[in-house]
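The report that follows describes one protein chain, moving from its overall make-up to particular side-chain pairs. Please read it beside the sequence and the model.

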Amino acid sequence: MFYFDKRLQYPVKVENPDPIYARMLQQAIGGIEGEIRVCMQYFFQGWGARGPSTKYRDMLLNTATEEMGHIEMLATAVALNLENAPTALQEEGAADGVVGAVMGGGNARHTIEGMLHRHVLSTGMAAFPANCEGVPFDMSHIYASGNLAADMYCNVAAESTGRVLAVRLYNAAHDAGMKDMLHYMIARDTMHQQQWLAVIEELGGHQGALPIPNSFPQEKEDSENAYNFYVSSVDGTTPEGRWTQGPSLDGKSTYSVFKNKPLGEEPVLGPARPDSGAQTEQM
């Protein structure tokens, strides 16, 4: 059950509406780094969370609900940036500004025109659940494995890429209100990264959580290849690092370097079946 408050989680103000920036904000709504992604990811992780304690489920659902507020903020920001947007590129002053915008080296007029028309025709100058190219978010980047540690690592990655995007949007913003909104959202991304890592720490840190799942008996895996860094370079050079020597992060072994080579033989398949539609010479 959900409750809502008509007031925004954080103030959203736009002094100088910018339809091009509205398009950029769409990435934070419906991009794979965006708020719909983390909102749905945390909800499905929480709804499926199992364990003797409900605190992780409760934490996930609280944060998922917070992310709904972030989507609302961004959708409001998109709408406010479209307040004075022209409904046609031919309107006075519109074409020059659009054509002058260089976005990814593409045809700025064509791409911005398409997004403006979508905002006009489909939403009436409002946001929609798609990225900055107008591609709808399809939920294919929602990770909810049922394994708490695996999900937490996925969440750290999601919040990291989300914070990268928010920082880029902050740097691209020329409106004080947009910078203010984003400086708040960046701070929340900082906290969310911390809380997911805190769960991993509660699970015993890397030593306790790794390998994932830690419920699988490691004596059943190929122990000779469990902690080797495979080097596949032609000259055998190794990118030396924490992963090539010393104790493993889980404290159960020592890292080593393995010059990648075939451990199996060349595969030999049987002849094609007569009913497979292959050539006679293959049978």
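## Terms and basis of the model

A residue is called buried under 20% relative accessible area, exposed over 50%, and partly exposed in between, with a 1.4 Å probe and protein chains only. By that rule Arg 273 is exposed, because its relative accessible area is 55%.

The model is predicted, so local features need pLDDT of at least 70 and side-chain atom pairs count only at pLDDT 80 or more, while totals for chains, interfaces and linings use all residues. Residues are numbered from 1 along each chain as its sequence is written, and side-chain values use heavy atoms, with hydrogens and water left out.

## Overall architecture

The protein contains 8 helices and 2 strands, where helices (H or I, at least four residues) and strands (E, at least two) are DSSP runs numbered from the N terminus. Along the sequence these elements follow the pattern α-α-α-α-α-α-α-α-β-β.

Of the 283 residues in the protein, 35% are buried. Contact means heavy atoms within 4.5 Å, and among the contacts with a separation of 6 or more, 70% are between residues 24 or more positions apart. The accessible surface comes to about 16800 Å², of which 55% belongs to carbon and sulfur atoms; such areas come from the Shrake-Rupley method with a 1.4 Å probe, and for residues only the protein chains shown count as cover.

When neighbours within four places in sequence are set aside, Gln 26 is in contact with Gly 31, Val 78, His 119, Ala 127, Phe 128, Ala 130, Asn 131 and Cys 132.

## Aromatic pairs and the surface patch

Rings of Phe, Tyr and Trp (its six-membered ring) are paired if their centres lie within 6.5 Å, and planes under 30 degrees apart count as stacked, over 60 as edge-to-face and the rest as tilted. By this rule there are 6 aromatic pairs. In one of them, Phe 2 and Phe 43 have ring centres 5.4 Å apart and planes at 85°, so the pair is edge-to-face. Since Phe 2 lies in the segment before α1 and Phe 43 in helix α2 (residues 35–47), this pair ties together parts that are 41 residues apart in sequence. Phe 2 is partly exposed at a relative accessible area of 49%, whereas Phe 43 is buried at 2%.

The rings of Phe 44 and Trp 47 also form an edge-to-face pair, because their centres are 5.0 Å apart and their planes stand at 80°. These two residues are 3 residues apart in helix α2, so about one helical turn separates them. Both are partly exposed, Phe 44 with 45% relative accessibility and Trp 47 with 41%. Ring pairs link Phe 2, Phe 43, Phe 44 and Trp 47 into a cluster.

Patches are made of residues with over 30% relative accessible area and no salt bridge, like charges being joined within 9 Å and nonpolar side chains (Val, Leu, Ile, Met, Phe, Trp, Tyr) within 5 Å. Phe 2, Phe 44, Trp 47 and Met 68 form a nonpolar patch of this kind on the surface, with about 430 Å² of accessible area together.

## Charged side chains

Side chains of opposite charge can pair when their charged atoms come close. A salt bridge is a side-chain nitrogen of Lys or Arg within 4 Å of a carboxyl oxygen of Asp or Glu, and the count comes to 5 salt bridges. One of them joins Glu 66 and Arg 188 at 2.7 Å, N to O. Glu 66 lies in helix α3 (residues 55–81) and Arg 188 in helix α7 (residues 176–202), so the pair ties together parts that are 122 residues apart in sequence. Glu 66 is buried, with a relative accessible area of 14%, and Arg 188 is partly exposed at 24%.

Another salt bridge is formed by Asp 5 and Arg 7, with 2.7 Å from N to O; here Asp 5 is partly exposed at 40% relative accessibility and Arg 7 is exposed at 64%. The side chains of Arg 273 and Asp 275 meet in a salt bridge at 2.8 Å, N to O, and Asp 275 is exposed, with a relative accessible area of 58%.

A charge is taken to sit over a ring if NZ of Lys or CZ of Arg is within 6 Å of the ring centre and within 35 degrees of the ring normal. Lys 179 lies over the face of Tyr 170 in this sense, at 4.1 Å from the ring centre.
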